Structure formats: structure tokens, C-alpha cells
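Here's a quick tour of one protein model, strand by strand and ring by ring. Keep the structure open while you read.

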Amino acid sequence: MRAVVFSRYGDESVLELTERPDPAPADGDVLVEVRAAGVNPVDWKHREGAVRNDRPFPLGMGWDVAGVVRGTVPGGPAVGEAVYGMLPLPYGGAYQELAVLPASAVAPKPARLSYAEAAAVPLAALTAWQALEAAGSTAGLRVLVHAGAGGVGHFAVQFARHLGAHVTATASARNLEFLRGLGVHEPVDRATADLAAGEPFDMVLDTVGGPVQHASWRLLRPGGTLITLPEPVDEAHRLPRVTARRVIVTPDGDALRRIGALIDSGAVHVEVQSVLPLRMAAEAHRTSRDGGVRGKLVLGL
């Protein structure tokens, strides 16, 4: 099978499109013929060595897949069924023609989505879903999502609004109208907004890290919750009466079924900035690394 792998940590030049043996499913796994693979920041962080695992080189790439089941397990999806899902971290293997996933990690592909659109969903949408669950997001809460036009962000603002929250989200000036289209109540320009001057939030979702996490503590009311995604909680900036935790996404086929139902109902929009061929995986990584992606990048097989 064709696969994008890398044999040492480094920049985009270490990625190699090559022929690899077909993967062998273990007990409880399904074999999926991959039609499209999502691209996420964790992909290039893995390639650079910030996210590692205990497998020998060459290592596979990517965690988001959408495709057709070619091998299954009792009680699993049917052979020939269109599915989407997320491989378990930290073992990548989505940028290839065949992928192996736990049966519990896949769900039927949303009917209204193409394979490319479906591949944009799992990791980012599950991250947003699990972050809001961890914060206990419910109707009436004031929620701030940093980088609301990005992969995780554009799902988080829609899920929060669906739950009945009042949603504020930061973005570049060019993406403010996009956020309004997603139902964000208060889109704010990240370059000029003074969030501290407004009413405090019940929950802040930090998808950026660093100075954004540090500033987020003082945007929360007493009893509020800070959820950070890209890095651990920085204890040097902790404030009393604010709950903070990091969320690391895990595969969840049941949650993907619920997310798929929201997508098929029209309640949630999936934004794909571009679909690139598998041979352009390095270009996809460069674009993701440079930032400013609206929604998601996808590799088509």
C-alpha cells in the first residue's frame, strides 16, 4: 500500500511517500480502506518529535480517517460500510491506503459529508466535544473559545451554541464573518480585542497555549473553568477559585455517532480549507505549521 512515513524526526523534508506492507488488524480492530485523512497540528508535532511513541522507525502519520470497511469484527461495522474515526494517540497511521482502528473508535460516516469532509471531523470534533464535557458546559453559560475559526475551535463554538451557551470567540479579522455564520454571538478580533474589559466568562477553551493560556486565567469568574489543549496547565499563573485542566482527546465512536447526527441535521458545519493529494503531505504540514487555517486541511487518497 502507499503510505506517508518518516524515519527520523525533523521538518517536512523527512516525510516520504513509499510502499509499505498492508497493516494486520489485531483482535477488536477493523481494517479501513482510507479515502481521506485529516491533518492536525499534532501531526507535525509528532513528525518533529514533540509527540513520541515506542514503535521503531519508520513511523506512520496522522490520526483522522474516512473510508470503507474492508475487514471487521463480530458486532462491528459491516464490510463495505462508509465510516470515519480516529486512531488512538500516539500511534499514527492515517496517511496510507489501509488503516487499522479499534472497532469502538469508528462510526458511520455522516451521510451529508464527502469522505474528505468526514476526515476533517474526528480528532478536532472529539477534542472540542470532550473539552466541553470536561468543563460541564450547559445552557446559559458564557463561553470563550480562542481561535474559534480553527479546526477544534470551529467545532467548539458550534457545540457550545448547540448546548445553549453564550459564545464569544477570537479570530483574525478576516474570519469574524465566518464565526458569525457559525452562530457565534460575539466574534472578536484577536489582534485588537480587550477581553478583560468585558464581563467574565464561565468557561475558557484555550486552543493556542503560551501567553493565551496565561491571559485566560483573569478572564474567568470565580468558580469558572479553564480548559487547555496544546500544553499542560501552567501552575505559575494559577488563580484561586478557578478550575483548570488539560484535555487530551481519546477515540470515541459513540460520540462520533452523536456528532454525525448533529452534522446530518444541519446543526453543525464542517469547514475544509483545502484537500491536497497524499503526495503533498509535506505542503499540508507547512500550511498547518504556519497557522491561520480556517477549519481543516485534508489529504485525499
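## A threonine and its polar contact

A polar contact here is a pair of N or O atoms within 3.5 Å; within protein, one must be able to donate a hydrogen and the other to accept it, and residues adjacent in sequence count only if both atoms are side-chain atoms. Bear in mind that this is a predicted model. With that in hand, look at Thr170: a polar atom of its side chain lies 2.9 Å from the backbone nitrogen of Ala147.

Thr170 is found in strand β10, which covers residues 166-171. Is Thr170 buried or exposed? Its relative accessible area is 6%, and the cut-off for buried is under 20%, so Thr170 counts as buried. Leaving aside neighbours within four places in sequence, Thr170 touches a run of residues that includes Leu144, Val145, His146, Ala147, Gly148 and Ala149. Its other contacts include Leu179, Val188, Arg190 and Leu195. As for Ala197, it sits 27 residues from Thr170 along the chain, and their C-alpha atoms are separated by 15 Å.

## Strand β3 and its partners

Strand β3 spans residues 29-39 and is mostly covered, with nine of its eleven residues buried. Which strands does β3 pair with? Strand β7 (residues 98-102) is one of them, running antiparallel to β3 over five bridges; here Asp29 stands opposite Pro102. Another is β5, joined to β3 by seven bridges, again antiparallel, and Val34 has Gly67 as its bridge partner there. Then there's strand β16 (residues 296-300), antiparallel to β3 over four bridges, where Ala37 is partnered by Leu299.

Strand β6 itself (residues 82-86) is mostly covered, since four of its five residues are buried.

Gly85 faces Val106 in β8.

## An open three-stranded sheet

Strands β2, β1 and β4 form an open sheet in that order, with antiparallel pairing. The edges are β2 (15-19) and β4 (59-60), each pairing on one side only.

How many aromatic pairs does the model have? The count comes to five. Take Phe6 and Tyr9: their pair is tilted, 5.8 Å centre to centre with 55° between the planes. Phe6 is buried at 0% relative accessible area, whereas Tyr9 is partly exposed at 22%.

Why is the pair of Tyr9 and Phe57 called edge-to-face? Their planes stand at 70°, with the centres 5.1 Å apart, and planes over 60 degrees apart count as edge-to-face. This pair links distant parts of the chain: Tyr9 is in the loop between β1 and β2, while Phe57 is in the loop between α1 (41-48) and β4, 48 residues apart. Phe57 is partly exposed at 38% relative accessibility. Phe6, Tyr9 and Phe57 form one aromatic cluster.

Methods
Residues numbered from 1 in each chain as written. Predicted model: local features only at pLDDT ≥ 70, side-chain atom pairs only at ≥ 80, totals over all residues. Heavy atoms only, no water. Buried < 20%, exposed > 50% of the residue type's maximum accessible area, 1.4 Å probe, protein only. Helix = DSSP H or I, 4+ residues; strand = E, 2+ residues; numbered from the N terminus. Pairing = 2+ DSSP bridges. Contact = heavy atoms within 4.5 Å. Phe/Tyr/Trp six-rings, centres within 6.5 Å; stacked < 30°, edge-to-face > 60°.
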